[in-house]
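Here is a friendly briefing to read alongside your model. Please have the sequence and the 3D view open as you go through the points.

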Amino acid sequence: MSIIPLCKTSEVDEGSAIKVDTEGLSLAVFNLNGAYYVLDDVCSHGPGSLSEGYIKGDTIECDFHNGSFSIITGEVVEPPCLIPQKTYKVVMDGETVCIET
Ligand code: FES
């Protein structure tokens with residue numbers, strides 16, 4: 001098990017997401033009302049980048065074919081995507097958002 005630091009909390013505004021590439025992973029880091037969630041950035045359905053999608057409540061709509069996922073669980077909310085998006089366990093180290101892998 002390892003802890004991978006991704007970004008500072010100040011880098012992700014509330015209600016937005018940023019893309020972080022690190023350790024061979026391409027990740028989308030979301031800030032929902034001060035809580036941080038991390039999913040794979042590349043959509044499970046194709047080439048869409050979820051960090052560039054549209055956040056609607058606690059879902060993210062992919063800007064490629066407009067499928068959507070729960071930001072919290074990665075479950076599919078709207079097709080055409082069918083495969084849940086991989087999520088990561090977030091751990092905080094002070095003001096640094098990290099994932100545990
Ligand atoms: S690539 Fe994301 S919905 Fe198709």
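## Hairpins and sheet

Strands β2 and β3 form a hairpin with two residues between them, and Glu23 in the turn has a positive phi of about 55 degrees. Strands here are DSSP runs of E at least two residues long, and helices are H or I runs of at least four residues, numbered from the N terminus. Two strands count as paired if DSSP finds at least two bridges between them.

This is a predicted model, in which local features need pLDDT of at least 70 and side-chain atom pairs count only at pLDDT 80 or more, while totals for chains, interfaces and linings use all residues. Residues are numbered from 1 along each chain as its sequence is written.

- Strand β2 (residues 16-22) pairs with strand β3 (residues 25-32) in the antiparallel sense, over seven bridges.
- Within that pair, Val20 stands opposite Leu27 in β3.
- Strand β3 also pairs with strand β4 (residues 35-40), again in the antiparallel sense, over six bridges.
- Ala28 stands opposite Leu39 in β4.
- The hairpin of β3 and β4 has two residues between the strands, and Asn33 takes a positive phi near 50 degrees there.

- Strand β1 (residues 3-8) and strand β10 (residues 96-100) are antiparallel partners over five bridges.
- Strand β9 (residues 87-93) runs antiparallel to β10 and is joined to β10 by five bridges.
- Ile99 in β10 has Ile4 opposite, and Val90 also stands opposite Ile99.
- Asp93 has Thr96 in β10 as its bridge partner.
- In the hairpin of β9 and β10, with two residues between the strands, Gly94 takes a positive phi near 65 degrees.

- The open sheet has six strands in the order β1-β10-β9-β4-β3-β2, with antiparallel pairing.
- Strands β1 and β2 stand at the edges with a single partner strand each, so one side of each is left without a neighbour in the sheet.
- Neighbouring strands of this sheet are turned by 35 degrees against each other on average, direction ignored; the axes behind this angle are lines fitted to C-alpha atoms (for helices over the stretch in contact), and angles run from 0 to 180 degrees between N-to-C directions.

**The nonpolar core**

- A nonpolar core is a set of buried Ala, Val, Leu, Ile, Met, Phe, Trp, Tyr and Cys residues joined through C-beta atoms within 7 Å.
- Of the 21 residues in the largest nonpolar core, Leu6, Ala28, Val29 and Val38 touch the most other members.
- Elements giving two or more residues to this core are β2, β3, β4 and β10, and the largest share, four residues, comes from β3.
- Val29 touches Leu6, Cys7, Val12, Ala17, Ile18, Val20, Tyr36, Val38 and Val97, not counting residues up to four places away in sequence.

**A look at Cys7**

- Cys7 lies in strand β1.
- Is Cys7 buried or partly exposed? Cys7 counts as partly exposed because it has 19 C-beta neighbours inside 10 Å; buried means 20 or more other C-beta atoms within 10 Å, exposed means 12 or fewer, and partly exposed is in between, with C-beta atoms placed from the backbone.
- Leaving aside neighbours within four places in sequence, Cys7 is in contact (C-beta atoms, placed from the backbone, within 7 Å) with Val12, Ile18, Val20, Val29 and Val97.

Methods:
Two residues are in contact if their C-beta atoms, placed from the backbone, lie within 7 Å.
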